[in-house]
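Please keep the sequence and the structure in view while reading.

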Amino acid sequence: MQQRLCYCPTDAIVAVRISVRDGVVTDRRKVDDNLPVSLQLASIWGTVDDLFHLIDDALNAQAASLLVTYDRQYGYPTHIAIDYSTSVADEEVTI
């Protein structure tokens, strides 16, 4: 499950259950009503590899703040908070 917290459209901040097979997302459904997410926003909920790419991108962009918590047993990110710039409002994202 992923949930994005940001200054985004309401449909972009719902909790989503993601199904992945062979590294490819096969389904994205809202946790609260089990309906599929809109096709326009589907790409913001990705695989675990996508989360690692997001972290790498934040590092490469020299984000002002990057806080990541990892699962102790499996090592995947469980919480990501990025503030790309302290001088820009509302560009922060938390997953």
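## Basis of the model

The model is predicted: local features need pLDDT of at least 70, side-chain atom pairs count only at pLDDT 80 or more, and totals for chains, interfaces and linings use all residues. Residues are numbered from 1 along each chain as its sequence is written, and side-chain values use heavy atoms, with hydrogens and water left out.

Helices (H or I, at least four residues) and strands (E, at least two) are DSSP runs, numbered from the N terminus. Two strands are said to pair if DSSP finds at least two bridges between them.

In general, the strands of a sheet pair through backbone hydrogen bonds, either parallel or antiparallel. Six bridges connect β5 with β6 (residues 77-83) in the antiparallel sense. Within this pairing, Leu66 stands opposite Ile82, and Leu67 has Ala81 as its bridge partner. The hairpin of β5 and β6 has six residues between the strands, and Gly75 takes a positive phi near 85° there.

## The three-stranded sheet

A further open sheet has three strands in the order β1-β3-β4, with antiparallel pairing. Strands β1 (2-3) and β4 (24-30) stand at the edges with a single partner strand each, so one side of each has no neighbour in the sheet. Strands β3 and β4 run antiparallel and are joined by six bridges. Val16 has Lys30 in β4 as its bridge partner, while Arg21 stands opposite Val24 in β4.

Which residue takes a positive phi in the hairpin of β3 and β4? It is Asp22, in a hairpin with two residues between the strands.

## Nonpolar cores

In soluble globular proteins, nonpolar side chains tend to be buried together. A nonpolar core is a set of buried Ala, Val, Leu, Ile, Met, Phe, Trp, Tyr and Cys residues joined through side-chain atoms within 4.5 Å. Buried means under 20% relative accessible area, exposed means over 50%, and partly exposed lies in between (1.4 Å probe, protein chains only).

The largest nonpolar core has ten residues: Cys6, Leu51, Leu54, Ile55, Ala58, Ala63, Ile80, Ile82, Val93 and Ile95. Both α1 and β6 supply at least two residues of this core, and α1 gives the most, with four. Leaving aside neighbours within four places in sequence, Leu51 is in contact (heavy atoms within 4.5 Å) with Gln2, Pro77, Ile80 and Ile95. Apart from this core lies another, of nine residues, including Val14, Ile18, Val25 and Val37.

## The largest pocket

The largest pocket has a volume of about 290 Å³. On a 1 Å grid over the protein atoms alone, a pocket is an open set of points where a 1.4 Å probe fits, with protein on both sides within 12 Å along at least five of seven lines; lining residues have an atom within 4 Å of a point. Grid points are joined across faces, edges and corners, and a volume is the space filled by probe spheres set on the points.

Of the 15 lining residues, Met1, Gln2, Leu51, Tyr76 and Pro77 are the closest to the centre of the pocket. Two or more lining residues come from each of β1, β3, α1 and β6, and β6 provides the largest share, with four.

Ala15 lies in β3 (residues 15-21) and is buried, with a relative accessible area of 16%. Beyond its neighbours within four places in sequence, Ala15 is in contact with Met1, Gln2, Gln3, Arg29, Lys30 and Val31. The C-alpha atoms of Ala15 and Ile95 are separated by 9.9 Å, although these residues are 80 residues apart along the chain.

Asp22 lies in the loop between β3 and β4 and is exposed, with a relative accessible area of 77%. Its phi is near 55°, a positive value in a residue other than glycine. Gln62, in the loop between α1 and β5, also has a positive phi near 55°. Gln62 counts as exposed, at 68% relative accessibility.
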